[in-house]
Amino acid sequence: MKHSPLPPRRPAINIGIIGVGNCASSLVQGLSHYRAESNEHFGLTHWEIGGYRPCDIHVAAAWDIDRRKVGRDVAEAIFAKPNCTQAFCREVDATGVAVEMGRMLDGFADHMADYPDDRTFLPADAPEPSKQDVVDRLRAAKVDVLMNYLPVGSQQATEFYAECALEAGVAFVNNIPVFIASDPVWAERFEAAGVPIIGDDIKAQLGATIVHRVLTDLFAKRGVKLDRTYQLNTGGNTDFLNMSNRARLKSKKISKTEAVQSVAESRLEDENIHIGPSDYVAWQNDNKVCFLRMEGQLFGGVPMNLELRLSVEDSPNSAGVAIDMIRCAKLAADRGLSGPIHPAAAYFCKHPPQQMTDDRAHEAVEAFIRGESAVALAAE
Ligand SMILES: O=P(O)(O)OC[C@H]1O[C@@H](O)[C@H](O)[C@@H](O)[C@@H]1O
């Protein structure tokens with residue numbers, strides 16, 4: 001990756017983390033990995049965004065509900081069970097920030113109690129914070145960007161922390177498929193409060209969704225009629241264990257399915273598109289395997305089909321995008337922008353308020369970074 005001369009250095013970005021699970025672990029490891037200037041910079045889409053480098057991002061506050069994490073420095077908590085993602089950077093310096101007890105609400109699934117301790121969460125025996133406690137902490141720690149990493153299906157818990165971000169005036173990045181940025185009422189509340197939000201549901205760096213979308217777009221561009229498709233995903237992390245409770249999956253399925261439908265030449269009937277987290281396979285740990293099939297018709301209506309298997313470590317794949325979302329959220333706050341940051345949401349998320357093709361979203365987010373967001377959106 002080539003480096004262009006840096007604009008003048010900017011102050012640090014303080015982040016707050018809700019949920020010190022695998023995705024947070026990869027992000028925090030990545031901050032250490034890329035802090036060393038001598039390290040190779042591959043694995044990043046941007047070394048610098050608006051003057052912010054990865055080394056400008058600092059963890060200033062964190063919440064979790066597991067007794068193996070609460071009270072420990074974030075640098076240690078990220079390696080505690082049930083986290084199981086690859087440790088690609090073991091040497092993480094102490095952050096000086098202890099994980100605090102968070103609010104439980106619906107932030108965990110009951111069925112997880114049936115699994116062995118190293119697979120599931122163990123609730124900490126500590127008082128849960130009030131909204132005012134979290135707001136005070138966000139202010140005292142001077143948090144700029146709050147990262148939501150709660151488990152899929154945490155509707156009430158996400159709303160609780162979104163309220164805290166609004167009240168404290170802290171930019172919110174919603175990595176999970178609970179609809180906040182893409183909900184017009186919430187979007188309007190962020191707009192009115194002068195607070196930026198990027199969401200919903202992070203689209204991994206080279207994950208199932210981006211691959212499925214790009215191929216769907218390719219079918220359309222090459223005049224191939226897409227008749228049927230599925231995307232099956234298996235994994236063995238707590239995300240997959242949590243999602244084996246199908247009741248928690250409603251918005252996840254909508255988010256992943258809409259991400260593909262929105263780039264199809266014509267919408268597929270529900271019965272012809274099946275996308276979802278499919279199974280929990282314990283020994284896979286944080287390895288996520290996606291099986292993709294697309295059936296279509298070529299010239300003359302002659303049938304074709306494509307099958308693809310994608311294998312990734314899920315959490316670094318998420319962190320490679322999160323590290324840009326944080327910097328775009330801070331850039332938006334620096335520029336006094338509020339409400340959903342559309343180019344960033346469309347590029348980085350599966351369920352943004354405004355869908356764009358990934359090519360278009362890429363142009364729009366680069367324009368946003370250069371400070372041309374109004375132009376980019378006007379061109380839509
Ligand atoms: O691979 P996809 O479809 O982009 O989805 C990736 C992300 O989806 C999120 O919903 C998961 O919580 C993340 O762990 C994951 O990285």
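**The ligand and its surroundings**

Mentor: An oxygen atom of the ligand is 2.6 Å from an N or O atom in the side chain of aspartate 314. Taken alone, the ligand exposes 390 Å², of which the protein buries 95%; accessible areas come from the Shrake-Rupley method with a 1.4 Å probe, and for residues only the protein chains shown count as cover. Please note that this is a predicted model, in which local features need pLDDT of at least 70 and side-chain atom pairs count only at pLDDT 80 or more, while totals for chains, interfaces and linings use all residues. Residues are numbered from 1 along each chain as its sequence is written, and side-chain values use heavy atoms, with hydrogens and water left out.

Trainee: Which elements give two or more residues to the shell around the ligand?

Mentor: Helices and strands are DSSP runs numbered from the N terminus (helices: H or I, at least four residues; strands: E, at least two). Here the elements are helix H6 (208-221), helix H8 (250-261) and helix H9 (314-334).

Trainee: Which residues come nearest to the ligand?

Mentor: A residue is near a molecule or strand if one of its heavy atoms lies within 4 Å of it. There are 15 residues around the ligand, and Thr209, Lys252, Lys256, Asp314 and Lys350 come nearest.

Trainee: How far is an oxygen atom of the ligand from a polar backbone atom of alanine 208, and how far from an N or O atom in the side chain of lysine 288?

Mentor: For alanine 208 the distance is 3.0 Å. For the side chain of lysine 288 it is 3.2 Å.

Trainee: Where does the ligand sit?

Mentor: A cavity is defined on a 1 Å grid over the protein atoms alone, as a set of points where a 1.4 Å probe fits but cannot get out. A molecule sits in one if more than half of its atoms lie within 2 Å of its grid points. In this model, the ligand sits in the largest cavity.

**Cysteines**

Trainee: How many disulfides does the rule give?

Mentor: A disulfide is a covalent bond between the sulfur atoms of two cysteines. The rule asks for a pair of cysteine sulfur atoms within 2.5 Å, and the count comes to zero.

**Burial and contacts**

Trainee: Is asparagine 242 buried or exposed, and with which side chain does it make a polar contact?

Mentor: Buried means under 20% relative accessible area, exposed over 50%, and partly exposed in between (1.4 Å probe, protein chains only). Asparagine 242, in helix H7 (residues 238-243), has a relative accessible area of 1% and is therefore buried. A polar contact is a pair of N or O atoms within 3.5 Å; within protein, one must be able to donate a hydrogen and the other to accept it, and residues adjacent in sequence count only if both atoms are side-chain atoms. The partner of asparagine 242 is the side chain of arginine 248, at 2.7 Å.

Trainee: How far apart are alanine 75 and glutamine 29, in sequence and in space?

Mentor: They are 46 residues apart in sequence and 8.3 Å apart in space, C-alpha to C-alpha. Alanine 75 belongs to helix H2 (residues 74-77) and is buried, at a relative accessible area of 8%. Glycine 51 is in the loop between helix H1 (22-33) and strand S2 (57-64) and is buried at 0% relative accessibility. Its C-alpha atom is separated by 10.0 Å from that of isoleucine 369, 318 residues apart along the chain.

**Backbone geometry**

Trainee: Which residues are joined by a cis peptide bond?

Mentor: Most residues other than glycine have a negative phi, and most peptide bonds are trans. A cis bond joins lysine 81 and proline 82, with omega about 5°; proline 82 is in the loop between H2 and strand S3 (100-101). Another cis bond, also with omega about 5°, joins glycine 199 and aspartate 200, and aspartate 200 is in the loop between strand S6 (196-198) and H6.

Trainee: What is the phi of leucine 105, and what is that of asparagine 285?

Mentor: Leucine 105 has a positive phi of about 45° although it is not a glycine. Leucine 105 is in the loop between S3 and helix H3 (131-140) and is partly exposed, at 34% relative accessibility. For asparagine 285, phi is near 50°, again positive; this residue is in the loop between strand S8 (273-280) and strand S9 (287-297).

Terms used:
1 Å grid on protein atoms, 1.4 Å probe; cavity = no way out; pocket = protein on both sides within 12 Å on 5 of 7 lines; lining within 4 Å.
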